[in-house]
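This briefing goes through a single chain by topic. Please keep the sequence and the model open while reading.

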Amino acid sequence: MHFQQLTYFVAVAETRHFTRAAEAVHVSQPSLSQQIRALETELGADLFSRARGNITLTDAGEALLPLARRILADAETARQEVQEVVSLRSGRVRLGATPSLCTGLLPDVLRAFHDRHPGVRLLLEEGGSHDLVRQLARGALDLALVVLPLPAASPALTTVELLREDLVVVSAATEPPPGRGGSIRVADLEGAPLVMFRHGYNLRELTLAACRAEGFEPSFTVEGGEMDAVLGFVRAGLGIAVVPSMAAARAGHDLRRTRLAGDGLRRTIALAHRSDVDPPRAARELQRMLLEHRPVPGRGARAQTASASSREWMRSGAPGRA
């Protein structure tokens, strides 16, 4: 049974005339009659009584008519629903990101995307890079913003390097500025009261590695917080913290931002999706907007755009969340 046959059947049932039905569906009368006969053969029953040119529905035809109309209506609804998704009037995007990116990079981009495509639902999942990679692998996310490098083997993902972001030191505006001349060296963090993220944050591991490379273990006044908690502890004067520049830029005027001298510290952000599955249409549109809206040097947060995209084996390790 084909949709075309049901369309022809409904046309004959409504016009009670084969020639007029053929004209209504833009097909020749012999072709329409042939398809009706094929449908009757498949169903094993006559659908029309053709006595002396008077076309009426048989009992089988009467039983089929409401079903055929419903099937054709459902098919049209399905077509319209798909067109809604294709034209981005509906649909969804499942996006994963680390918490600092949710507060730094994403708000402006998601606002622009929503303004352009208000019918598309945005489902956001906060998590560490390791967790986000696992969710990408099992199909729970369409896209994810992750921090590179990820140290352990993971499924094949396509990654586009989105930006390289400087890290800065934040301190309470009411406290004396750390460092000298508007900058601070990693070595100057020795003995400084640090507010430190909990275990599993990429920023924690990056900061510890930088301090150890300078030959010292940092001192913590408070540790174990998420991004908002760390910034709150710094505001309260409990110490200083190393945070992404975009997160610092949105933190408010009650926090002072001090750049790290020399090469400083930097992290690389990548946009990832599974290599074996193309993202949905709406996700591809969000991906395009993220690439268009990635920060450029000298505008607000000190982030540097990456110049190339690559397909590579991403690697995941400890579930760093920042």
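Where in the chain does L189 lie? L189 is in the loop between β7 and β8. The model is a predicted one. Its chain has 11 helices and 14 strands, and buried residues account for 45% of the 322 residues. Of the contacts between residues at least 6 apart in sequence, 77% join residues at least 24 apart.

- L189 counts as buried because its relative accessibility is 1%, and the cut-off for buried is under 20%.
- Apart from neighbours within four places in sequence, L189 is in contact with V169, I184, L194, C211, F216, I240 and V242.
- The C-alpha atoms of L189 and A241 are separated by 9.7 Å, while the two residues are 52 residues apart along the chain.

**Strand β7 and S183**

- S183 belongs to strand β7, which covers residues 183-184.
- With a relative accessibility of 12%, S183 is also classed as buried.
- Residues up to four places away in sequence aside, S183 touches P178, T258, R259 and A261.

**Strands β8 and β9**

- Strand β8 (residues 193-197) and strand β9 (residues 219-225) run parallel and are joined by five bridges.
- One of the bridge pairs is V195 with V222, the latter in β9.

**Helices α1 and α4**

- Helix α1 (residues 3-15) and helix α4 (residues 59-86) have axes that come within 9 Å and cross at roughly 125 degrees.
- Therefore α1 is oblique to α4.
- The α1 and α4 crossing is left-handed.
- On the α1 side the residues that meet α4 are F3, L6, T7, F9, V10, A13 and E14.
- Their counterparts in α4 are G61, L64, L65, A68, R69, I71, L72 and A75.
- An α-helix has 3.6 residues a turn, so residues three or four places apart point the same way.
- In α1, F3, L6 and V10 are among the residues in this contact.

**Helices α6 and α11**

- Helix α6 (residues 106-116) packs against helix α11 (residues 281-293) at about 130 degrees, and the axes are 10 Å apart.
- This angle makes α6 oblique to α11.
- The crossing of α6 and α11 is right-handed.
- From α6, the contact involves L106, V109, L110, A112, F113 and R116.
- From α11, the contact involves A282, E285, L286, R288, M289, L290 and H293.

- Helix α7 spans residues 129-137, and its buried residues are S129, H130, L132, V133, Q135 and L136.
- Strand β12, where H273 lies, covers residues 266-274.
- H273 counts as buried because its relative accessible area is 10%.

Notes
Residues numbered from 1 in each chain as written. Predicted model: local features only at pLDDT ≥ 70, side-chain atom pairs only at ≥ 80, totals over all residues. Heavy atoms only, no water. Pairing = 2+ DSSP bridges. Helix = DSSP H or I, 4+ residues; strand = E, 2+ residues; numbered from the N terminus. Buried < 20%, exposed > 50% of the residue type's maximum accessible area, 1.4 Å probe, protein only. Contact = heavy atoms within 4.5 Å. Axes fitted to C-alpha atoms, helices over the stretch in contact; angles between N-to-C directions. Parallel < 35°, antiparallel > 145°, perpendicular 65-115°, else oblique. Left-handed = near helix turned anticlockwise from the far one by under 90°.
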